[in-house]
Amino acid sequence: MTRRLLPLLLLTPLATPAAAQPAEPEASLPDLVVQGQRAAAARQDILARFGSRETVVDRATIEALPGGAAQPLNQVLLQTPGVVQDSFGDIHVRGEHRNLQYRLNGVALPEGLSGFGQVFDARSLRSVSVLTGALPAQFGFRTNAVIDLETRSAALDPGGSIGVQGGSRGTLQPYANWAGFLGGWDVFATGSFLRSDQGIENPTSSWAAINGQTEQTRGLAYAARQLDDTTRLSLIAGTSLNRFRLPVTRGVESEFTAFGLSEFDSAALRARQWERSWYGTAALQKSWGDVDLQVAPFIRSSSIHYVPSVVGETVINGLASDVYRGSLAMGTQADVAWRVAADHTLRAGFQVTGQRARLRSATTVLPLDADGNAIDDPLTLVDRFGRTGWLYGGYVQDEWRLGEAVTLNLGVRWDQMVEYVTAGQVSPRANLVWRATGSTTVHAGYARTFTPPQFELVQTSTIERFNGTTGAPFSQENGAVRPERAHRFDLGVSQRVTPNLTFGVDGYYKDVRDLLDFGQFGNALIFTPFNFETGKIYGVEFSGSWRDERWLVYGNLALSRSVGRNIRSGQFNIEPDELAYIAGKYVRTDHDQLVTGSAGAVWKGWEGGRLSGSMLYGSGLRKGFAATEKVAAYATFNLGVAQDFRGPDGGTWTARLDLLNAFDTIYQLRDGTGIGVGASQYGLRRTVLAGLSRNF
């Protein structure tokens, strides 16, 4: 049995599984610890990372960087190559909007409704791995990047802490976590609560947002037990409950007369949004000599509910929508790895997911007279809709060592969707890894991919009902949202200059039919998918890292271009002149950013002490008519210091101080224009956070 040894922030493609040898547990470790380590190694062997580019951030690195484990998961991911920052907590990897697959201990979680809040607490994670490139056949549906999250456990990361962190804008975040053994079970549990006066980005450049409060609760529990010498059961359950008030802008002019009012103070708007998510998996691992098997049923329930400020939004905008979207998804994933011979490892598996999506909306609008003028006689148009959809996928692949230095991975997968559209595809995959020298590794890959639209986000309202009102669509054209089909190519080189210093470069190209994108249309901050008929995404990423006993230093630079032509679904959301312009030529997608950079350093300068810094650079997302312009470039810097010390109770305590956006840079992420961009947002102004925790 082999296991990959993953260094911190390794910015290179992985070598073949046979190149890494298992780390033998020390004889003095308790049996339960040894069993947990062996199970984790077997799980890693089933998960084929072959030929992909992988960046790994472990718990120590997360906690050392500014913000520590209190920072949302998306902020951790922004420190990896090619990840672009957007508003509402969104990120874009390699020039795409979403198309991310999250795996929890190797099990793919069904996609849930996502809003501003984060589902996973960084404190619950032992490591975060980001896999990009032409992924092996094991990975389907969401194939732009795989975010592989490994939870903490008593076998691999024992202990715990209790503490609190708080600071600017009324931020307060108490938390607690613990990993240990209970009655033969390997147990980990964590919980946190966040209260802040700014939950999402401010629509203005001011230091504090108006009506921006949030309360967020997250929790996760993990338990695993060895059933016999070759069988292990692990259980994971978690939740995220988030409540937001939506920040507003002063001085927005009222456009309509409704409810007897012709003026409404925009600063008095009080819209809210609730986001709820529950998820769980049960993974059964079994080994028979050279065969490792994992079968994992999973379930996820999520919902988003936008509650408008009805009177104010109707007076200002002419409509106000109370929108609820819910999703319940469940299914099973099975994966098996068989080491047939020294030069062949076969892997195969399948995944079945069933999902029930629900929509409920009540939209207040004003009728129009014969001249197109609004009449102060508000009416409410109600929509209710529910539908069940299915996703099926299966794969088989062979990891074949052609020699000491060359390994080829050949695979094929089949995917089928039965949702609003029924479609499927057989997709070949091929990856080659060549160890050119002892310090140089080259990888190349091709993948045919099939990406269904997010079933729970597809818009189902009957647009004709809004004709003759202030909610009338731009047109009656509303093509069905189709699955995206693409050819992906990836080529990369990793060079280890010294034992401490590594550089990497990776180039990619994606040719797309029915390119999927997302837009925020209307007041409700819920994204809707749509298609460009054709698209092209390409770029190159540079990265480097240095690590020794006292220092960790890394840097990433990415150049990317994402373009699409001819919008062919959800056309009624786009203004006619903009739609006609996009039909005739390639335009930048709204999330396209040419240059993206990130860098960071951690210095263990004295006993128990750490200094850290990180930065983000963006050349600017798109704006304006058909996304033909961009917002201004920006760079932000974060600083942090932490100190471990012995407390009066004899235990180990940690005090930390973090300064985010240290130079108080004012920068805009969105200006409210572009393709499917409905609101303006500014990045976080200077924020001071202080924390104290007790470790045990």
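Me: Leaving aside its neighbours within four places in sequence, which residues is V128 in contact with?
Reply: In this predicted model, V128 is in contact with T55, V56, V57, I62, L73, L77, I147, D148 and L149.

Me: Which residues touch the most other members of the largest nonpolar core?
Reply: They are L73, F120, V128 and L149, in a core of 30 residues.

Me: And which helices and strands each supply at least two residues of this core?
Reply: The helix is α3 (73–77). The strands are β4 (91–93), β5 (100–104), β7 (125–132), β8 (145–151) and β12 (214–228).

Me: How many residues are in the second, separate core?
Reply: That core has 16 residues, including A486, I537, L579 and A626.

Me: Turning to helix α5, which of its residues are buried?
Reply: Helix α5 spans residues 576–584, and its buried residues are E578, L579 and I582. Seen down the helix axis, these fall within an arc of 100°, so they line one face of α5.

Me: What do the buried residues of α5 pack against?
Reply: They pack against β24 (528–547), β25 and β26 (587–588).

Me: Which exposed residues are on the face turned away from the buried side of α5?
Reply: That face carries A580 and G584, both exposed.

Me: Now the surface: which residues form a nonpolar patch there?
Reply: The patch is formed by V493, V505, F542, L557 and L559, which together have about 340 Å² of accessible area.

Me: Where does L557 lie?
Reply: L557 belongs to strand β25, residues 551–567. With a relative accessible area of 38%, L557 is partly exposed.

Notes:
Residues are numbered from 1 along each chain as its sequence is written. This is a predicted model: local features need pLDDT of at least 70, side-chain atom pairs count only at pLDDT 80 or more; totals for chains, interfaces and linings use all residues. Side-chain values use heavy atoms; hydrogens and water are left out. A nonpolar core is a set of buried Ala, Val, Leu, Ile, Met, Phe, Trp, Tyr and Cys residues joined through side-chain atoms within 4.5 Å. Buried means under 20% relative accessible area, exposed over 50%, partly exposed in between (1.4 Å probe, protein chains only). Helices (H or I, at least four residues) and strands (E, at least two) are DSSP runs, numbered from the N terminus. Contact means heavy atoms within 4.5 Å. Patches are made of residues with over 30% relative accessible area and no salt bridge: like charges are joined within 9 Å, nonpolar side chains (Val, Leu, Ile, Met, Phe, Trp, Tyr) within 5 Å. Accessible areas come from the Shrake-Rupley method with a 1.4 Å probe; for residues, only the protein chains shown count as cover. A salt bridge is a side-chain nitrogen of Lys or Arg within 4 Å of a carboxyl oxygen of Asp or Glu. The arc is that of the directions from the helix axis to the C-beta atoms.
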